[in-house]
Amino acid sequence: MKKKLTAFGKELRRNSQLRTGLILLAILLIGAIGAPVFATHDPFALYDSIRVAPGTDGFIFGTDALGRDIFSQVLYGAQTSLKIGVIAASISAIVGTLIGGIAGYFGGVVDKVIVEFINIFVMTPSFFLILIIVAIYGSDIRYVMIVIGLTSWPSNARLMRAQAISLRQRTFIKSAQAIGVSRLSIMFKHIIPNGIFPIIANTTMQISGAILTEAGLSFLGLGDPNIVSWGQMISAGKTYLTKAPWISAIPGIFVVITVLTFFLIGEGLNRFISPKMENNK
Amino acid sequence: MKRYILKRVLTGIVIVLVSVCINFVLIRCAPGDPVRILAGLDDPNEDQIAVLTAQYGLDKSIPEQFVVYIGNVLHGDFGFSYVNQKQVIDLISEKVFPTLLLSLSALTIAVLGGTLLGIYCARKNGKLIDKLMCTVSYVFDATPSFWLGLMLILIFASWLGILPTSGMENLRGHYTGMRRVLDILQHLVLPVGTLALIQFPYYFRIARSSVLQVMSEDFITTLRATGMKEKKIFNKYVLRNALIPTVTILGSSLAFLLSGSVYIETVFSWPGMGRLLFDSIGKRDYPVLSGIYLILAITVAVMMILVDVVYSLIDPRIKYD
Amino acid sequence: MKKFLALILALVMALSVAACGSDAGSSTTAANGGETAGAGETVGTGDNTGSDSSDIYGGVAIQEGGTFVIGASGDPQSFNPDYLSDDNLWPIAQNIFNRLVKLTAADTVIPDLAESWEFSDDGMTLTFHLREGVKWHDGIDFTSADVKWTYDTIINESWNRSTSLESVDSIECPDDNTVVFNLNAADVTIISKLGWYGMFILPQHLYEGQDPATCEAATTNPVGTGPFKFESYENGVGTVLVKNEEYWGDEPNPDELIFAIYSDQDSMYQAFLNGEIDLMNGSLPTANVHDLDEDPNYHVLAQLGQNRTYITFNFEDPDFGKQEVRKAVQLAVDTQGIYDRVGGVGAKAEYFVSPVQTDFVDENYVQPERNVEEARALLESAGYTADADGFYIHATMDVFEDGNFANIAQIVKANLAEAGIDITINMMEISAWTEKVQQNKNFSITMLAGYQGPDISGLAGRIQTNGATNLGGYSNERVDELFALSNVETDLTQRAAYYSEIQQIMSEDIPMVFLLDNGYRYAIPNEILGSPYEMTDRAASSEYTYLARAAE
């Protein structure tokens with residue numbers, strides 16, 4: 001373990017993407033978790049200063065059309081974005097790992113069926129599916145996370161399948177089989193833990209994707225009105241673009257930073273896994 | 001090879017059918033009734049609602065409707081749009097051109113620009129310009145297209161006033177011929193610019209990393225050892241091999257671009273398919289939704305198959321010839 | 001249909017017309033530019049435009065002709081203006097087609113194809129005298145048969161506004177220029193309904209035996225009798241109309257009229273500011289409603305609509321079925337705040353009937369000033385106790401996406417939270433909302449707005465037992481009785497007295513909490529003259545016959 005940590009420390013010194021990403025992530029986490037502490041105002045409260053510019057009346061980032069404090073909304077919006085990104089990507093990772101692991105390890109007919117099943121999902125224009133489902137069945141944030149998760153698992157499944165296929169040839173798996181360990185137990189104890197690394201990297205990237213998708217849905221008016229979200233803030237500010245550009249501009253900058261953070265971490269992890277392939281995405 | 005293609009096409013057809021079926025059921029089971037919207041929601045005319053429901057066959061069960069729909073589609077009849085009161089196929093063909101114009105222009109710029117920059121930066125690997133471009137590409141990759149669009153409108157249309165805010169053409173001018181082309185081009189600048197900026201990082205990084213990868217391959221080292229000129233190695237061997245990944249992903253990116261068009265068309269009031277789809281969801285225009293989805297599913301499937309075929313055609317050993 | 005403005009004066013108009021026969025008709029004819037209606041129409045209007053233009057435009061000289069671009073909000077469904085409910089065709093239709101009478105931007109009804117009309121003494125027969133010498137755009141003569149065919153078809157084939165013609169028993173055409181409506185019940189409101197939605201006269205010779213939505217006349221070649229002829233239409237881009245040189249009324253000034261489509265209000269407004277369009281059809285977007293107030297290049301016209309945004313409750317709901325809870329909501333809502341925050345357009349909601357109904361507003365009954373403490377006290381006295389978060393009640397409010405609803409819902413949520421009512425907003429598409437709330441009554445609390453007919457009696461639809469938009473199932477026998485009494489009452493004072501009592505009961509029962517009286521603001525560039533918002537004595541609400549640029 002200690003060895004691994006030292007290796008990781010070394011990697012951090014070398015791998016600037018991972019380093020920058022983790023630093024940004026730390027800042028984001030502090031902001032999101034500490035939102036109740038750092039927030040200068042109640043993000044839902046309506047103040048009498050309506051649409052004031054950043055820095056006016058003690059509103060660091062100004063206020064929006066209804067008189068809500070943008071700075072506090074940005075902090076609470078970070079919670080939303082991180083939550084959506086992590087949960088949606090986790091759903092995708094779990095589903096993808098299981099399906100890919102089963103296909104790759106069990107092989108045979110099971111594999112063939114699952115591969116075609118994955119193909120169906122890959123060939124489905126998933127964005128349109130998400131759009132239709134969210135528009136028609138409601139914009140509750142829970143649906144949004146689940147739908148994003150359930151439409152983005154195929155890439156994880158493909159990665160896990162490839163890992164499982166290569167792992168099952170290895171001697172330690174073969175010897176476990178020889179001593180009669182059950183197939184399921186091998187899958188959960190050996191295949192998945194040993195093959196998980198590329199999925200972690202890919203999932204980190206998917207966090208970015210999920211955050212962008214949620215922001216986009218909110219922009220189209222399909223956000224959950226009961227939470228603070230950066231996408232909704234951009235959307236609400238659209239009408240005031242020329243008069244109060246900060247309403248849209250500020251949350252947008254935070255979307256970029258957050259997406260960038262997970263992107264850098266994902267890229268950094270990828271480089272860590274396969275150092276030879278510079279930027280292999 | 002033929003058998004492989006045939007198999008891919010057959011599975012492609014099955015996949016499209018399954019996916020269209022799922023979509024059909026999803027849409028039809030949704031709450032909301034298109035006829036009520038046509039008849040007006042404020043003071044619904046129940047008589048007209050009954051007449052139209054029967055006329056559009058919406059009084060039939062969903063499986064029955066699906067059978068009728070598939071039957072019609074096989075005869076080339078994509079249905080009748082309730083909201084636009086015209087054939088779906090006519091409606092979609094009107095909207096396809098603006099969307100393709102937008103998407104393909106952006107794709108061309110993103111691919112050319114991204115790839116050239118990527119190759120350039122790979123040769124300057126580690127230098128300041130390379131680091132700078134890498135950072136820029138990450139930032140644009142992380143930028144939501146609709147937000148970038150808004151910011152560009154703010155800067156170029158509202159503050160500087162040098163480009164039109166939205167729309168595809170200036171109707172007042174009654175431009176014809178070359179003048180009309182110029183007018184449309186002017187309206188294209190901001191939406192295409194937005195899409196291209198969002199897309200280029202993808203091609204930039206692929207080009208850059210594949211050039212770097214090929215340059216580190218053993219056969220290049222061997223070539224170098226033979227004393228071949230660096231420039232010749234690069235142009236003749238590196239470039240050719242490095243462009244293969246770009247070519248193979250082009251297909252799938254077109255489908256991605258079509259999805260992304262919903263945002264851009266919303267921000268720029270562009271009269272395309274993305275906007276049509278979004279409006280049709282709100283109005284429950286079932287035939288249009290199914291029609292667009294079907295066409296997209298087919299496009300994606302065809303692209304994927306083409307990519308697979310192209311990929312298998314380009315023998316990996318190409319590197320060594 | 002939110003854009004439809006109140007027809008306040010319609011009833012009064014109709015009554016006065018019934019009383020004075022053709023006087024109203026001829027007075028408007030005079031306003032139209034001369035008493036010379038008849039065979040010499042074209043010559044007459046030609047003369048008039050010259051001599052009258054200074055009158056029409058308040059003495060300002062104009063540039064003749066020109067192309068005008070109007071911002072439109074979407075694609076028309078078809079070019080049949082009577083078949084479906086089509087808000088996007090509505091402004092365009094008013095320039096291609098005519099009705100018997102037309103509704104102006106000031107909510108008055110003025111003659112259109114009907115020069116005059118009169119009711120029989122028993123009120124059961126309504127006779128229209130049509131203009132002579134009117135031709136369809138294809139050169140065929142317009143006659144009373146077209147009118148009869150149009151309305152018969154609307155009724156028989158259940159076209160969109162067949163409900164407006166429920167009192168029509170049969171239609172007769174004694175001669176080419178006379179149409180007689182035989183009614184099954186006295187109905188003075190029919191005149192205003194004929195001037196409204198879905199009542200345009202269509203050419204029988206092109207429509208008869210054809211599909212109402214896909215025939216040539218409804219798609220590629222609409223033919224009307226109106227001031228402009230259809231030229232072309234491009235999906236998602238716009239509709240082009242050209243001047244009807246043979247128009248029977250005042251000569252249209254624009255040579256060409258373009259309705260350019262913008263998929264959203266914000267981009268339309270940007271295009272308007274950039275001069276890409278001359279006029280927006282409709283109000284300034286809520287967000288920008290006061291932007292141009294101080295701008296010397298524009299003048300802004302304000303109008304209060306008969307259109308109120310309100311909260312309504314499900315009377316079956318265990319919480320909101322209680323009067324105390326509804327009262328608490330009423331006390332907790334900050335109507336002044338709503339007015340201020342959603343843009344300061346319209347008016348703060350105070351009364352129990354629309355403030356536009358000046359004859360009927362009883363100022364004794366107003367919604368109470370905001371008082372959060374009293375609201376909390378009411379909830380406690382009703383037996384509610386606050387949970388750990390300080391909330392007495394948790395509820396979901398179903399809201400559909402429409403204009404300022406999203407913003408108002410956010411404000412209501414914040415307001416009610418202060419009084420201990422936790423609201424979860426369920427934002428839905430209108431079609432899903434209709435099914436959940438309007439059809440299945442599966443809701444606790446919801447928001448609604450909209451116009452419901454010109455007459456004060458439109459309120460009945462919202463609060464009488466089984467009213468069409470009485471979503472929550474409110475029912476009060478006395479209210480039903482008062483509506484019945486007032487509907488047959490012709491004496492204004494007595495009618496107002498009935499409505500006073502209705503307002504009193506509303507203030508006690510609180511079937512709804514009014515949030516905002518919606519209003520409209522129209523911005524007109526200074527060089528643009530003759531907009532329908534200003535030509536309220538002669539133009540329909542979106543008719544651009546008089547649009548002109550000031551001479552330089």
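**Exercise 1: the core**

Task: Find which residues touch the most other members of the largest nonpolar core, and work out which helix gives this core its largest share.

Solution: Keep in mind that you're looking at a predicted model.
- Step 1. The largest nonpolar core holds 301 residues, and Ile70(C) and Ile408(C) touch the most other members.
- Step 2. Helix α8 (residues 177-215) of chain B brings in the largest share, 16 residues.
- Step 3. Now turn to the domains of chain C: domain 1 (2-48 + 81-226 + 524-550) and domain 2 (304-519) each give this core at least three residues.
- Step 4. Zoom in on Ile408(C). If you skip neighbours within four places in sequence, its contacts are Thr309(C), Ile338(C), Val342(C), Met447(C), Leu515(C) and Leu516(C).
- Step 5. There's also a second, separate core of 16 residues, with Phe352(C), Val353(C), Val361(C) and Tyr499(C) among them.

**Exercise 2: two sheets**

Task: Ile70(C) has a bridge partner in β12(C); find that partner. Then trace the strand order of the open sheet of 3 strands in chain C.

- Step 1. One open sheet of chain C has 5 strands in the order β9-β10-β11-β2-β12, and its pairing is mixed.
- Step 2. At its edges sit β9 (228-234) and β12 (279-280) of chain C, each pairing on one side only.
- Step 3. Strand β2 (residues 67-72) of chain C runs parallel to β12(C), and 2 bridges join them. The partner of Ile70(C) in β12(C) is Leu279(C).
- Step 4. The open sheet of 3 strands goes β1-β20-β19 (chain C), with antiparallel pairing. Its edge strands are β1 (62-63) and β19 (528-529) of chain C.
- Step 5. Between β19(C) and strand β20 (residues 548-550) of chain C you'll find 2 bridges; Leu529(C) has Ala548(C) as its bridge partner in β20(C).

**Exercise 3: where chains B and C meet**

Task: Count the residues of chain B that are in contact with chain C, and sort them by class.

Solution: 
- Step 1. On chain B, 38 residues are in contact with 38 residues of chain C.
- Step 2. The helices α2 (34-38), α3 (46-55), α5 (88-123) and α11 (273-282) of chain B each supply at least two residues of that side.
- Step 3. Sorted by class, the side of chain B that touches chain C has 13 nonpolar, 13 polar and 12 charged residues.

Conventions: Residues numbered from 1 in each chain as written. Chains lettered and ligands numbered in written order. Predicted model: local features only at pLDDT ≥ 70, side-chain atom pairs only at ≥ 80, totals over all residues. Contact = placed C-beta atoms within 7 Å. Helix = DSSP H or I, 4+ residues; strand = E, 2+ residues; numbered from the N terminus. Nonpolar A, V, L, I, M, F, W, Y, C, P; charged D, E, K, R; others polar. Pairing = 2+ DSSP bridges. Core = buried A, V, L, I, M, F, W, Y, C linked by C-beta atoms within 7 Å. Buried ≥ 20, exposed ≤ 12 C-beta atoms within 10 Å, placed from the backbone. Domains from an automatic or database assignment.
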